[in-house]
Amino acid sequence: MEMSDLYQLGRRLAEIALEDMGADAPHLAPGEFLVLQDLFLNGRSAVGDIAKRTGLAQSRVSTSVRALAGRNWVTTAADPSDGRKTLVDVTEPIRAAGQQRRAGRADKALTNALARADDTERAALIAALERLHQLLVAGRTQRRFPDTVTP
């Protein structure tokens, strides 16, 4: 397997997961999804910190926060230690729904994605993906955004 093939496989697996978790919802812009993902990973945060971690422009984060607040998906408040900063947090109903989606099993999504494989091959491929996860991911610190990776 060439490195570019490995990269494309990783991207496709990420797309399958994101689709099943609802990131492809027509009412959710990509920037809004990244803001929500960052808040799930890091908790209550200042807009500037979200921008730094996601790589989005601060204005884009602010626009996404306004849209999400308009849907009652996030709350905003002035930072008590620095009134110039806005703190953002996910509302409890959205946090609960997000945790439920993130905790869901990938079997159905993978079964759909691997529809061309027969049942035996599909089961073996899903088992191999689970083993890859154990070997490459389990027990490691989650790293989602480029500037959070430490050498």
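Two strands are taken to pair if DSSP finds at least two bridges between them. Helices (H or I, at least four residues) and strands (E, at least two) are DSSP runs, numbered from the N terminus. By these criteria, strand β1 (residues 45–46) pairs with β3 in the antiparallel sense over two bridges. The model is predicted: local features need pLDDT of at least 70, side-chain atom pairs count only at pLDDT 80 or more, and totals for chains, interfaces and linings use all residues. Residues are numbered from 1 along each chain as its sequence is written, and side-chain values use heavy atoms, with hydrogens and water left out.

The chain holds seven helices and three strands. From the N terminus, the elements follow the order α-α-β-α-α-β-β-α-α-α. Of the 151 residues, 29% count as buried. Buried means under 20% relative accessible area, exposed means over 50%, and partly exposed lies in between (1.4 Å probe, protein chains only). Contact means heavy atoms within 4.5 Å. Among contacts with a separation of 6 or more, 50% come from residues 24 or more positions apart.

The three strands form an open sheet in the order β1-β3-β2, with antiparallel pairing. β1 and β2 are the edge strands, and each pairs on one side only. Strands of a sheet pair through backbone hydrogen bonds, either parallel or antiparallel. A hairpin of two residues joins β2 to β3.

The largest nonpolar core has 18 residues. Such a core is a set of buried Ala, Val, Leu, Ile, Met, Phe, Trp, Tyr and Cys residues joined through side-chain atoms within 4.5 Å. The residues with the most contacts inside the largest core are Val35, Leu36, Leu39, Val61, Leu68, Val74 and Val88. At least two residues each come from α2 (30–42), α3 (47–54), α4 (58–70) and β3 (82–90). The largest share, five residues, is supplied by α2.

Val35 is found in α2. Val35 counts as buried because its relative accessibility is 0%. Beyond residues up to four places away in sequence, Val35 touches Ile50, Leu56, Val61, Ser64, Val65 and Leu68. Leu39 is in contact with Ser45, Ile50, Val74, Val88, Val90 and Arg95, leaving aside neighbours within four places in sequence.

Helix α3 has the buried residues Val47, Ile50, Ala51, Arg53 and Thr54. These buried residues pack against α2, β1, α4 and β3. Gly55 follows α3 and has a positive phi, near 85 degrees. Asn72 lies in the loop between α4 and β2. The phi of Asn72 is also positive, near 65 degrees, in a residue other than glycine. Most residues other than glycine have a negative phi, and most peptide bonds are trans. Asn72 counts as exposed because its relative accessible area is 59%.

A pocket is an open set of points where a 1.4 Å probe fits, with protein on both sides within 12 Å along at least five of seven lines; lining residues have an atom within 4 Å of a point. Of its 14 lining residues, Leu9, Leu13, Ala113, Leu114 and Leu125 are the closest to the centre. Helices α1 (3–21), α6 (107–113) and α7 (119–136) each give two or more residues to the lining. By class, the lining has 12 nonpolar, no polar and two charged residues. Ala, Val, Leu, Ile, Met, Phe, Trp, Tyr, Cys and Pro count as nonpolar, Asp, Glu, Lys and Arg as charged, and the others, Gly among them, as polar.

Glu130 is found in α7. Glu130 counts as partly exposed because its relative accessibility is 37%. Not counting residues up to four places away in sequence, Glu130 touches Arg105 and Asp107. Glu130 and Ala106 are 24 residues apart in sequence and 9.9 Å apart in space, C-alpha to C-alpha.

Conventions: On a 1 Å grid over the protein atoms alone, a cavity is a set of points where a 1.4 Å probe fits but cannot get out, and a pocket is an open set with protein on both sides within 12 Å along at least five of seven lines; lining residues have an atom within 4 Å of a point.
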